[in-house]
Amino acid sequence: MNKYETKCSPYNKDFIFKDLDIPEIAVQQVRKYCLDYLAEHESETSIDGTLRQENEVILTACPDLKLYFENYNLKLDVCKIMRVFPDSMGWLHADDGENDLAINIGIEGHEDSHVVFYDVYGDYIQTATPEKKEVVRFFKEDVKTVEIARYNLIKPKLFNNKIPHNIFNKLPHRRVAITFRFGFEIDYQMLSGHYLCQYPQR
C-alpha cells in the first residue's frame, strides 16, 4: 500500500497541533453560544454530525472571539458545531479544502475523548460539499494506520487538518466542539500558543 502524502503548505508540513492562548472570556462566550444553539437545534442532523453556523451570527454573539480573530487578521470562512455521540468514533479523514489549519474549541465531553493523527497507507474517497468550499478525503476501511499524535480539547487547539485524523469519544455522553476555518492559509507560527506538537522526525 502507498503512504498517503499530506497536501499542505511547506511551512506547515511538519506541524500537527498546539494549544492556543485564546482569552477565557472568549472561550466562555463560544461555549454559551454553542450550548444555547444545541438546546434549540439538537434534533437537526447531517451526514457527519456537524451543524454549519452563520459567521456573522456567531461573531456578533461572541465579541471577544471576534476581537481575537481581528488581532491576528483572521477572516472567518467556515464555522461548524461538531458532535460525536456517546461511545463512538468519527471517520478517518483528511481535509482537502483551501486551508491547512483550523481552530477548534471544546464545548463539552473532552475528559476521555481524543483526536488522533495517523500516517495512513491505502486509498481514500474524495467528497465535496455543494458549495465546494470543503473537500474531505475519507479513507477506506482496509487502510493501514500508524498513530503519530493525539490531543483532547481541554484547551483550544490550532491543528493541521490536512493530516489524516479521527475522533474517539469513550464517554457515556456526547462530545461537542466547534471548528473555525479561514479564507487563506495560516502559518502556525503567527498565532501565539504553547505545547507545540510537530511531526516525528522523517
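Tutor: Happy to! Let's begin with a group of rings: Phe17, Phe117, Tyr151, Phe159 and Tyr195 form one aromatic cluster. Rings of Phe, Tyr and Trp (its six-membered ring) count as a pair when their centres lie within 6.5 Å; planes under 30 degrees apart are called stacked, over 60 edge-to-face, and the rest tilted. Bear in mind that this is a predicted model, where local features need pLDDT of at least 70 and side-chain atom pairs count only at pLDDT 80 or more, while totals for chains, interfaces and linings use all residues. Residues are numbered from 1 along each chain as its sequence is written, and side-chain values use heavy atoms, leaving out hydrogens and water.

In total the structure holds 15 aromatic pairs. In one of them, phenylalanine 15 and tyrosine 188 have ring centres 4.4 Å apart and planes at 5°, so they are stacked. This pair links distant parts of the chain, 173 residues apart: phenylalanine 15 belongs to strand 1 (residues 15–20), and tyrosine 188 to the loop between strand 13 and strand 14. (Helices, H or I of at least four residues, and strands, E of at least two, are DSSP runs numbered from the N terminus.) Phenylalanine 15 is buried at 0% relative accessible area, and tyrosine 188 counts as buried at 11%; buried means under 20%, exposed over 50%, and partly exposed in between, with a 1.4 Å probe and protein chains only.

Strand 6 (residues 101–108) pairs with strand 13 (residues 175–182) over 5 bridges, and isoleucine 105 has isoleucine 178 as its bridge partner in strand 13.

Strand 6 also holds asparagine 104, which is buried at 4% relative accessible area. The asparagine 104 side chain makes a polar contact with that of threonine 179, at 2.6 Å. (A polar contact is a pair of N or O atoms within 3.5 Å; within protein, one must be able to donate a hydrogen and the other to accept it, and residues adjacent in sequence count only if both atoms are side-chain atoms.)

Methods
Two strands pair if DSSP finds at least two bridges between them.
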